[in-house]
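These notes record what I looked up in the structure shown below.

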Amino acid sequence: MKIQFLGANGVVTGSKTLLTYNGHRILVDCGLFQGPKEIRDQNWAPFPDAKSIDAVILTHAHIDHSGFLPRLVKEGFRGRVYSTEATQDLCKIMLPDSAYLQEEDAFFANKTKYSHHDLALPLYTHEDAEKALKLFYALPWQKWTELYPGFSFRFIRAGHILGSSLAQISFQKENETKILTFSGDLGNGRSFIIHEPEYISETDYLVMEATYGDRVQDKTNPIEEIGEIIQKVIGRGGTLIIPAFAVGRTQEILYIIHQLEKNGRISKVPVYLDSPMAQNVTQLYLHHQDELKTEVKGDHVFSVLNPYQFHEVTSPDDSMLLCMNTDPKVVISAAGMLTGGRILHHLKAKLPDEKSGVLFVGYQAQGTKGLLLKNGLRQIRIHHQNVDVEAEIFSIESLSAHADSNDIIDWMRHLRRKPNQVYLNHGETNPLFALKYRIENELQFQVTIPGPGQEFILD
Ligand SMILES: [Zn+2]
């Protein structure tokens with residue numbers, strides 16, 4: 001068994017790990033590089049022999065784990081993509097959306113001629129995304145599936161987003177069975193809606209994510225904190241803009257606002273969800289109730305995800321009208337890291353308004369406008385215009401969908417024996433080294449931080 005790290009080395013996007021077993025080539029996750037241009041450009045590097053990939057095992061639907069699939073198909077991949085059912089359903093929404101963004105980027109590049117090439121092409125099209133979706137094959141939780149003689153795998157709940165999983169691979173090594181576990185993105189059990197992550201008792205090799213490897217998240221209850229921020233901004237007549245990922249964070253925010261209103265902690269406020277994708281994703285929560293915490297299951301789910309004055313904005317025209325609306329309100333829109341989408345129009349309209357506010361509730365990667373704004377930049381460039389930041393910037397970390405440094409160590413403590421090797425990826429430099437230090441010192445496990453493209457033989 002050989003393992004090669006083809007993405008998410010020193011960054012939190014582009015997750016792709018190639019396994020080679022008895023001549024079979026299996027890719028675990030197939031993510032898109034996202035963020036600044038230098039990182040995104042890596043999506044254009046030709047994938048080494050895509051045709052010869054036999055299968056993809058997908059831990060979850062986030063684009064940084066799934067968004068390269070249509071490109072892999074474009075380059076000749078025809079194998080199966082294995083995932084949980086909810087991951088498959090989420091990908092039906094997310095991959096066509098990602099294709100749309102790729103096509104839109106190419107369109108604008110051609111229009112404004114900022115491309116170095118004569119004609120900018122999309123990384124992939126809607127058609128490629130549809131082709132990729134036809135290759136999906138959903139599997140139930142926990143059930144081992146033999147892919148090749150001596151090679152099986154299964155999905156275990158990771159508690160990060162709807163359908164998210166750890167992928168466990170069992171393979172034969174000189175008549176001994178070895179286990180290789182991919183954490184995927186690991187949750188922290190503090191979601192109000194999604195099922196907790198499950199523990200595993202043993203693994204010989206572990207590929208662990210390290211997004212929050214250098215941080216311990218604030219554990220104060222975000223409900224109170226969000227209530228105060230909403231009261232403050234609405235009370236002075238402003239708009240509170242919440243950039244949120246369509247999957248996960250948006251639903252948590254809707255749940256929190258509903259709770260605050262139900263318990264009379266805030267007065268009922270107009271809440272606009274300006275993200276058609278998030279609206280579709282919310283519908284999936286109703287179909288996948290086994291993914292949810294017991295308290296929110298049942299008929300209940302629909303109501304707990306609906307604030308009392310809830311408006312879903314669908315058409316681009318209505319979105320533009322909402323940007324011009326100066327009434328006090330909450331607007332939830334995507335992209336969560338301000339990398340594009342309708343959120344930018346809302347920010348352009350409301351950042352210069354000192355009554356308004358922006359509330360960050362999720363991870364902001366290096367090089368994103370989201371991180372710059374969160375860190376206090378007073379002027380930001382949106383759609384080729386400088387926009388002054390007069391609005392108040394808020395940020396809460398306690399809504400993260402990722403395990404923090406303590407959660408990861410605690411999760412690893414449930415292993416009954418030491419793994420032979422832990423590989424850390426899916427993290428920026430500081431988190432990677434901080435987590436390596438903690439694992440080595442507190443658990444005495446052997447840790448490697450693989451470089452881009454680095455390959456290891458599991459022996
Ligand atoms: Zn994720």
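**Entry 1: the sheet.** I looked up the pairing of strand E13 (residues 270-274) and found that 4 bridges join E13 to E15 in the parallel sense. I recorded Val331 as the bridge partner of Tyr272 in E15. Helix H6 (residues 222-235) packs on the sheet and touches E12, E15, E16 and E19, and its direction makes about 140 degrees with that of E12. I note the conventions: helices (H or I, at least four residues) and strands (E, at least two) are DSSP runs numbered from the N terminus. Two strands pair if DSSP finds at least two bridges between them. Axes are lines fitted to C-alpha atoms, for helices over the stretch in contact, and angles run from 0 to 180 degrees between N-to-C directions.

I then traced the strand order, E14-E13-E15-E12-E16-E19, which is an open sheet of 6 strands with parallel pairing. Strand E14 (309-312) and strand E19 (392-395) each have a single partner strand, so one side of each lacks a neighbour in the sheet. The twist from one strand to the next averages 20 degrees.

**Entry 2: basis.** I am working on a predicted model, in which local features need pLDDT of at least 70, side-chain atom pairs count only at pLDDT 80 or more, and totals for chains, interfaces and linings use all residues. Residues are numbered from 1 along each chain as its sequence is written.

**Entry 3: helix H11.** I checked the burial of H11 (residues 343-350) and found 6 of its 8 residues buried (20 or more other C-beta atoms within 10 Å of the residue's own, with C-beta atoms placed from the backbone). The buried residues are Ile343, Leu344, His346, Leu347, Ala349 and Lys350. Their cover includes strand E12 (239-243), helix H10 (316-324), strand E15 (329-333), strand E16 (357-360) and strand E17 (379-382).

**Entry 4: strand E11.** I found 5 of the 5 residues of E11 (residues 205-209) buried. Tyr205, Val207 and Glu209 lie on one side, Leu206 and Met208 on the other. E11 pairs in the parallel sense with strand E20 (residues 421-425) over 5 bridges, where Gln421 is the bridge partner of Tyr205. Strand E10 (residues 176-182) is joined to E11 by 3 bridges, also parallel, and Phe182 stands opposite Val207.

**Entry 5: the whole chain.** I counted 14 helices and 22 strands in the protein chain. Of its 459 residues, 47% count as buried.

Methods
A residue is buried if 20 or more other C-beta atoms lie within 10 Å of its own, exposed if 12 or fewer, and partly exposed in between; C-beta atoms are placed from the backbone. Two residues are in contact if their C-beta atoms, placed from the backbone, lie within 7 Å.
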